[in-house]
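Subject: Structure handover

Hello,

Here is the structure for you to look through. Please open it beside this email and follow along.

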Amino acid sequence: MPWLESLYGLCRRLLPQPVGAVIAWLALLLPVVAAAGPADAPIGPPIRAVLTAPPNVPPPLTRRHAARVIVELEVLEKEMPISEGVSYTFWTFGGSVPGSFIRVRQGDTVEFHLKNHPGNKMPHNIDLHGVTGPGGGAASSFTAPGHASQFSFKALNEGIYVYHCATAPVGMHVANGMYGLILVEPPQGLPKVDHEYYVMQGDFYTTGRYREKGAQGFDMERAIDERPTYVLFNGAEGALTGERALQAKVNQTVRLFVGNGGPNLVSSFHVIGAIFESVRFEGGSRAQTNVQTTLIPAGGAAIAEFRTRVPGSYVLVDHSIFRAFNKGALAILKVDGPPNLAVYSGKELDSVYLGDRAGPNLGAVSRASQAQAQGSLTLEDQVQAGQQLFAGTCSVCHQANGAGLAGVFPPLAKSDYLVGEPRRAITTVLNGLSGKLSVNGQEYQSVMPPMNQLNDDEVANILTYVYNSWGNPGGRILAETVRQIRATPAPAAAPTH
């Protein structure tokens, strides 16, 4: 190359020996280095990526060079619980919602293998937001049931990225749970923390109403109108509560990889009782500090980090708050360890925020649902399910012992308002009650809002529990009775002046 020969001669003439000679010879080595390829060319044999199901995250990458990383992901269409006693046919990447977590390094060449299980009914593909190229891999990965596709891409940009199915109708595939996260670590890696967790929000559209028992189908009209039945973390109500809650200890660092699969809603992600010390908003490279609530768009992600200071149950919510308490967008991080009274001296009252998720699980609710479907529901099944539901729905006002609050909330224990009047009790729960009320000779002036978020079987089980507790005379309320009363128009409100 003439220009290299000229550079060699110039260095020998202008620079003193031996410096000039060294630089000159380095110049001659340039074509050798160039032939070796870019600095992030894959080094060593291919590496098979470690994939994890939520809320787990693959271990941090320790290598400091680019590699060829093989990712193998299979699409599975499978029926799974979406709530206690409610099932839904999800379309999944790797058998979970969200799909498997993928972790690679910036500069890696990713060899992606997408398989569509032979038992599936639909074709699928994958669009990874971490891919630079038209469709994010979608056109290269369209795969029919029983087939597999392969394509490669270079992970050019670091960050946390959503991936999702992009087969028509795209919204339906995403709404059925076809999304996940891929982390592209920077070359130096991420700072070390004690815990990393994978949490992803999604909105779901079922033919039945919230918590309506049995197998539920997808409702396209609800989805188009953006009226979700459920808004959930990790694909199921209670996926991260009770025995499945996230775990940490006091004075540990927690990193949350938080995604939003959508398909429609924006997430106002918040951890009750914690302040994010750092948030990499929109999954980018910049970080905001001391954040209370971070906005995560549909198809977006963020990395939130904080240190645990005191023990207790920290509730993860979408702070569009009805989604948390009436559609299911609620999870728990359980922190164990000694208290720090200098930081926080109050007592913990799980039921205020956790509702029916304050207990270890809702197993009795699931058992009652299964028994009802099989036609074998017993009084004891209803009482046990009703007790778990009462703890989160009614106990804050009426108290766990049914005693109520004097002058504010009437008692349910030995209540003459309830005795012998099951229809009145059902109507009160469904339609609410306001104004003066006399119970056991005492007057109460308060408001009970309608509990129309409860399904027929939940109303029946709660009232059956109430009628069989605290000295009440017993009895049984059936879901069919509640269904009939619900279908009866509520009486018109009396005119006010």
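A residue counts as buried when its relative accessible area is under 20%, as exposed when over 50%, and as partly exposed in between. Phe 390 has a relative accessible area of 2%, so Phe 390 is buried. Keep in mind that this is a predicted model.

**Aromatic rings**

Start with Phe 390, which has a partner. The ring centres of Phe 390 and Trp 470 are 5.4 Å apart. Their planes sit at 55°, so this pair is tilted. Where are the two residues? Phe 390 is in helix α8 (residues 379-393), while Trp 470 is in the loop between α11 (456-467) and α12 (479-487). The pair therefore ties together parts that are 80 residues apart in sequence. Trp 470 has 21% relative accessibility, so Trp 470 counts as partly exposed.

How many aromatic pairs does the structure hold? There are 15. One of them joins Tyr 88 and Phe 90, and this pair is edge-to-face. Their centres are 5.1 Å apart, with 70° between the planes. Tyr 88 is buried, because its relative accessibility is 1%. Phe 90 is buried too, with a relative accessible area of 1%.

Rings also gather in a group. Phe 233, Phe 269, Phe 276 and Phe 306 make up one aromatic cluster.

Next, look at Tyr 417. The charged end of Arg 424 sits over the ring of Tyr 417, 4.1 Å from the ring centre.

**Strand β19 and its neighbours**

Phe 269 stands opposite Asp 318, a residue of β19. Strand β15 (residues 267-272) is joined to β19 by four bridges, and the two run antiparallel. β19 also pairs with strand β20 (residues 330-336). Here six bridges join the strands, which again run antiparallel. Within this pairing, Val 315 stands opposite Ile 332 in β20.

Is β19 mostly covered or mostly open? Mostly covered: seven of its seven residues are buried.

Now move past the end of β19. Ile 321 lies in the loop between β19 (312-318) and α5 (322-326). Ile 321 counts as partly exposed, because its relative accessibility is 31%. Together with Phe 322 and Phe 325, Ile 321 makes a nonpolar surface patch of about 290 Å².

Best wishes

Note on methods
Residues are numbered from 1 along each chain as its sequence is written. This is a predicted model: local features need pLDDT of at least 70, side-chain atom pairs count only at pLDDT 80 or more; totals for chains, interfaces and linings use all residues. Side-chain values use heavy atoms; hydrogens and water are left out. Patches are made of residues with over 30% relative accessible area and no salt bridge: like charges are joined within 9 Å, nonpolar side chains (Val, Leu, Ile, Met, Phe, Trp, Tyr) within 5 Å. Accessible areas come from the Shrake-Rupley method with a 1.4 Å probe; for residues, only the protein chains shown count as cover. A salt bridge is a side-chain nitrogen of Lys or Arg within 4 Å of a carboxyl oxygen of Asp or Glu. Buried means under 20% relative accessible area, exposed over 50%, partly exposed in between (1.4 Å probe, protein chains only). Two strands pair if DSSP finds at least two bridges between them. Rings of Phe, Tyr and Trp (its six-membered ring) pair if their centres lie within 6.5 Å; planes under 30 degrees apart count as stacked, over 60 as edge-to-face and the rest as tilted. A charge sits over a ring if NZ of Lys or CZ of Arg is within 6 Å of the ring centre and within 35 degrees of the ring normal.
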